[in-house]
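Hi,

Here is the structure I promised to pass on.

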Amino acid sequence: MTFQVYDTTLRDGAQREGLSYSVVDKLAVARLLDDLGVGFIEGGWPGAVPKDTEFFRRARGELDLKHAILVAFGATRKAGVAVEADPQVRGLLDAETPAVALVAKADLRHVERALRTTAEENLAMIRDTVTYLVGRGRRVFVDGEHFFDGYRYDPAYTAAVLETALAAGAERFVLCDTNGGMLPSQVTAAIADVTARTGTAPELLGIHCQNDTACAVANTIAAVEAGVRHFQGTANGYGERPGNADLFAVVANLQLKLGLPVLPEGCLEQLVRVSHAIAEIANIAPDTHQAYVGAAAFAHKAGLHASAIKVDPLLYNHVDPSVVGNDMRILVTEMAGRASIELKSRELGLDLAGHPEALATVTKRVKELEAGGWSFEAADASFELLVRAELPDRAAPRPFTLESYRVLVEHREDGAVVSEATVKIRVRGERVIATAEGNGPVNALDEALRTGLARHYPELGEFELADYKVRILEGSHGTGAVTRVLVETAGAGRDWTTVGVHPNVVEASWHALVDALTYGLDRARV
């Protein structure tokens, strides 16, 4: 059983609002998709989009694809124009790809109102273009635009479009849910009906689904279960409006749930890496809750889950996370029980199983702190410090003790706003006073603390405050609200996150900063 895994991230996926790939980006994404083992990569529309024309030119010399075949996308010849004279058909040939995808109108209403031509001329446009490209050695896929809506409106004409494309030599006719309005049962019914009406084998059909009903993945799976062997999608579901079928969810479902060999051996485990790498290239934050590849896809929060996972991880994981390159995570929250705390500690390299008193203390402490607004599910470093404080000989040494700190904000006559912080601390028996300015009170406090510690801890020079987030806690109101601060610090090839909570945002930030430096300095000693 052979499947055609067809990716259209670089063409259809690039229509997502706010997304724009450079040619270099497109080449990088193509390499990643090839690593994943997809069979076809649709690179864009040569002749119509200059960037895509350049991509195909560079791809000939720069892409060494091991699994995938590059596909150029375009339209059938224009109405009333000979196929040999159509410049965009010439652009498809000039791309020099082994395969070509043609978009063709499959809905009579679009033929008459959008193309403004006749039903007969549209069929001739399909026939002429497919025959011409096949005759020049190209593998041709025809995308039947608006197939499902067209089939509902005039099934006889839409069926004639399908038959014309295949008779002219198209390798697959792709059923497109262009408006994204179909449901799985409707997809299955349409495939059964059109194959019966035309006598077409379902393996000669393809499926391309938009996600306007949030059913694109389900619709794609339904089509494959109905016998379709060619399916299209995009990385992370990128695309116009709500997007396209997420190719990663589709291949994982087909391979892991239906046991279908859609990717080459050993490629499925690249799913998370490829997903996140493409997100970085697209400059879009990875969706933490995305199926299979999201950071939260196998994250467990409730204590009941953790108790079962402690016995057997598969009791609450629908698949082994490692088969797609992901990991299971235990989230520490107010819902955590002893099992959650124990599993999370083990994940961080700390064994609480042999320390029942420490386990009980940490569990109680986490619940108390979480009730007060603290959140450890995104602050592993603060949680680790809390656990280690209860374990014999494992507590992280505090690099200093605080005498006091002060932060001033000055609005100057020229409009400049400058923050100044002074910290008084004791470091290895020495009293240190340090002052620094910053572009905000937290930045000034961070700079002053580092200045005071620098002589004793020169490794602080490698640490950088990478991100700073402030949240007003739910149920709090106005300027008197309790705030939670998350600080992400980077250094020595890794990063870590700490948390602080207090009605005063500077004090909340201080707690997070102290944990960040304590954790980083302790790790630097290891």
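Below are my notes on rings, charges and cysteines.

Bear in mind that this is a predicted model, where local features need pLDDT of at least 70, side-chain atom pairs count only at pLDDT 80 or more, and totals for chains, interfaces and linings use all residues. Numbering starts from 1 along each chain as its sequence is written, and side-chain values use heavy atoms, with hydrogens and water left out.

Rings to begin with: searching the whole structure gives 12 aromatic pairs (Phe, Tyr or Trp rings, the six-membered one for Trp, with centres within 6.5 Å; planes under 30 degrees apart are stacked, over 60 edge-to-face, the rest tilted). One of them is the tilted pair Trp496 and Tyr519, at 5.8 Å centre to centre and 45 degrees between the planes. This pair links distant parts of the chain, 23 residues apart: Trp496 is in strand 16 (residues 494–502) and Tyr519 in helix 17 (residues 505–525). Helices (H or I, at least four residues) and strands (E, at least two) are DSSP runs numbered from the N terminus. Both Trp496 and Tyr519 are buried (under 20% relative accessible area; exposed is over 50%, partly exposed in between; 1.4 Å probe, protein chains only).

Elsewhere, ring pairs join Phe147, Phe148, Tyr151 and Phe173 into a cluster.

Two charges sit over rings (NZ of Lys or CZ of Arg within 6 Å of the ring centre and within 35 degrees of the ring normal): Arg11 over Phe73, at 3.8 Å from the ring centre, and Lys26 over Phe55, at 5.2 Å.

As for cysteines, there are 0 disulfides (sulfur pairs within 2.5 Å) in the structure. For Cys215, the nearest cysteine sulfur is that of Cys209, 9.5 Å away.

Cheers
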